[in-house]
Amino acid sequence: MEKSLDVAVVGTGYVGLITGVLFADMGHNVICADVDKNKINALQNGDLPIYEEGLDAIFQEVHADGRISFTTSTARAVQECTVIFIAVGTPSTPSGAPDLSGVAAAARDIANNLDDYRVIVEKSTVPVQTGEQVKTTIERYADTDVNFDVVSNPEFLAEGSALQDARNPDRIVLGVNSDRAEKIMRDLYQPIDAPMIVTDLSSAELIKHASNSFLAMKISYINAISRICDLSGANVDEVAKGMGMDARIADSFLNAGVGYGGSCFPKDVDAFYRISEDLGYSFDLLKEVQRINREQRKRLMKYIEKELWVLSDKKIGILGLSFKPGTDDIRRAPSIYLIEELLDRGCQVSAYDPKAIDNVRDKFGSKITYGESTEQIAEDADCLVLLTEWEEFQSLDFDHLKQKMVHPIFIDGRNIYDPEKMEQKGWTYRSVGRPVIQNE
Ligand code: UGA
């Protein structure tokens with residue numbers, strides 16, 4: 001690498017940690033700052049509080065090499081680094097608007113410790129025009145003669161494939177108003193071979209919300225189509241395949257299923273609707289995207305009811321709890337909604353996930369039981385419901401599982417099995433927008 005830079009990352013959540021570890025891996029010197037002492041202590045001891053495939057190995061390497069360090073002192077991070085990323089959380093408020101108090105606090109903290117030129121970069125997903133507010137806040141709290149630039153550099157990592165996404169991004173977005181800051185940001189990303197789009201601050205901020213909302217819309221669109229497939233007898237797989245072959249549509253994010261979850265799409269669609277409304281535009285399309293998404297979870301409940309009729313005392317096995325494979329994240333996961341609904345109806349729920357069991361146990365405790373394998377979950381179950389398409393669920397031994405269950409009923413919330421094959425195996429099988437197989 002031509003030039004290594006001193007980089008601070010304020011906020012050690014999912015985005016902050018991955019950003020920090022990856023910049024260290026690129027050869028930069030990174031200081032991660034957080035107000036949470038316990039978290040910083042754990043990180044100093046080499047404990048990564050998040051699970052992301054492949055991340056721990058890189059973290060251990062850069063940590064051992066001293067390329068990444070951790071502090072509770074934003075002052076130290078600001079004083080020692082040229083580029084300062086703000087990667088604090090922006091949780092949803094009850095209205096759906098993001099809570100920006102963490103961003104504001106970070107901006108003030110940075111301002112109070114600014115003693116020389118710095119590039120301050122928004123990494124957290126924030127509403128359009130937040131960059132302007134950050135700039136005003138820093139101007140207000142910093143010494144008047146200190147020079148700085150604010151840059152928007154949104155993150156496009158997806159959980160479970162974050163390393164791959166970060167090393168081979170489709171694009172790097174830079175919202176920047178000064179040549180000096182642009183040059184530093186280009187140096188920072190020099191090891192990454194990816195197209196770079198340089199815009200004004202507001203456009204970069206919008207690119208992030210507009211992209212996530214568009215992807216959520218694509219998922220809701222195919223889910224709406226899957227409903228029409230259910231009603232008309234068509235097969236959503238075939239429809240999605242035919243649509244996706246049009247290069248203008250493309251085939252990704254056309255998997256119908258139980259709907260999107262996670263910490264990004266639900267929150268960002270909500271936030272984008274609110275921001276647009278505040279700006280004077282009622283973005284009702286996004287309301288419909290959310291409505292369709294909520295409906296998907298209810299549809300799955302209906303499928304279960306159609307097969308089992310009265311649900312009380314039925315034993316339901318849930319396969320997959322994280323909102324997607326490759327992560328232990330259960331935030332706004334469809335599994336949480338389904339488990340709550342099933343408990344409300346008096347079901348006995350047993351659940352299994354390769355990574356997310358501990359998080360679900362923290363939430364539901366002894367209200368449900370937990371298995372260590374699909375086989376355990378299937379024992380005496382009336383029905384299996386698949387909610388996350390983990391690799392190990394893609395090749396289940398249906399002949400064996402059938403022996404364990406009260407009824408061989410499989411509800412596939414991710415459309416990973418072939419209905420015809422399930423028919424041959426003697427299972428009753430329901431998936432989303434595809435033929436129903438009745439085998440009893
Ligand atoms: C998403 C975006 O894909 C990233 O580009 C973005 O950086 C990130 O949000 C963010 O804002 O931080 P993520 O939420 O981690 O990433 O995961 P996705 O792979 O996008 O999946 C989101 C949800 O959509 C999952 O529940 C997944 O199961 C669901 N999904 C995805 C479908 O139901 N159908 C599909 O065809 C694709």
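A polar side-chain atom of Lys324 lies 2.8 Å from an oxygen atom of the ligand. Of the ligand's own 710 Å² of exposed area, the protein buries 90%. The most comes from α9, with 3 residues. This is a predicted model, and the contacts described here are computed from it.

In total, 20 residues surround the ligand. The closest are Leu157, Glu159, Lys208, Asn212 and Lys324. What is the make-up of the shell in nonpolar, polar and charged residues? The shell divides into 10 nonpolar, 4 polar and 6 charged residues.

Backbone atoms take part as well. A backbone N or O atom of Glu159 lies 2.7 Å from an oxygen atom of the ligand. For Leu254, a backbone N or O atom lies 3.4 Å from a ligand oxygen.

Lys324 leads on to Ser322. The side chain of Ser322 reaches the backbone oxygen of Lys324 at 2.7 Å. Ser322 is found in the loop between β9 (315-319) and α13 (334-344). Is Ser322 buried or exposed? Ser322 is buried, because its relative accessible area is 2%, under the 20% cut-off. Leaving aside residues up to four places away in sequence, Ser322 touches Thr327, Asp328, Asp329, Ile330, Ala333, Asp353, Ala356, Thr388 and Trp390.

Now follow the chain into α13. Its buried residues are Pro334, Ser335, Ile336, Leu338, Ile339, Glu341 and Leu342. What do the buried residues of α13 pack against? They pack against α12 (284-308), β9, β10 (348-352) and α14. An α-helix has 3.6 residues a turn, so residues three or four places apart point the same way. After α13 comes Gly346, whose phi is positive, near 85°.

Next, the charged pairs. Side chains of opposite charge can pair when their charged atoms come close. The count comes to 25 salt bridges.

Start with Glu155 and Lys123. Glu155 forms a salt bridge with Lys123, and the closest N and O atoms are 3.1 Å apart. Why does this pair tie together parts 32 residues apart in sequence? Glu155 lies in the loop between β6 (148-152) and α7 (162-167), and Lys123 in the loop between β5 (118-122) and α6 (130-141), so the pair joins these two parts. Both Glu155 and Lys123 are buried.

Asp237 pairs with Arg434. Their closest N and O atoms are 2.7 Å apart. Asp237 is partly exposed, with a relative accessible area of 33%, whereas Arg434 is buried, at 5%.

The side chains of Lys363 and Glu340 meet in a salt bridge at 4.0 Å, N to O. Lys363 sits in helix α14 (residues 357-364) and Glu340 in helix α13, so the pair ties together parts that are 23 residues apart in sequence. The buried residues of α13 also pack against α14. Lys363 is partly exposed, with a relative accessible area of 43%. Glu340 is partly exposed too, at 37%.

One group goes beyond a pair. Arg227, Glu288, Arg291 and Glu295 are linked in a network of salt bridges.

Finally, look at the backbone. At the start of helix α2 (residues 37-44), a side-chain oxygen of Asp36 reaches to within 3.1 Å of the backbone nitrogen of Asn38. After α2 comes Gly46, with a positive phi near 90°.

Which residues have a positive phi although they are not glycine? Gln129 is one of them, with a phi of about 85°. Gln129 lies in the loop between β5 and α6, and is partly exposed, with a relative accessible area of 43%. Ala250 is another, with a positive phi of about 70°. Ala250 lies in the loop between α10 and α11. Ala250 is partly exposed as well, with a relative accessible area of 29%.

Terms used
Residues are numbered from 1 along each chain as its sequence is written. This is a predicted model: local features need pLDDT of at least 70, side-chain atom pairs count only at pLDDT 80 or more; totals for chains, interfaces and linings use all residues. Side-chain values use heavy atoms; hydrogens and water are left out. A residue is near a molecule or strand if one of its heavy atoms lies within 4 Å of it. A polar contact is a pair of N or O atoms within 3.5 Å; within protein, one must be able to donate a hydrogen and the other to accept it, and residues adjacent in sequence count only if both atoms are side-chain atoms. Accessible areas come from the Shrake-Rupley method with a 1.4 Å probe; for residues, only the protein chains shown count as cover. Helices (H or I, at least four residues) and strands (E, at least two) are DSSP runs, numbered from the N terminus. Ala, Val, Leu, Ile, Met, Phe, Trp, Tyr, Cys and Pro count as nonpolar, Asp, Glu, Lys and Arg as charged, and the others, Gly among them, as polar. Buried means under 20% relative accessible area, exposed over 50%, partly exposed in between (1.4 Å probe, protein chains only). Contact means heavy atoms within 4.5 Å.
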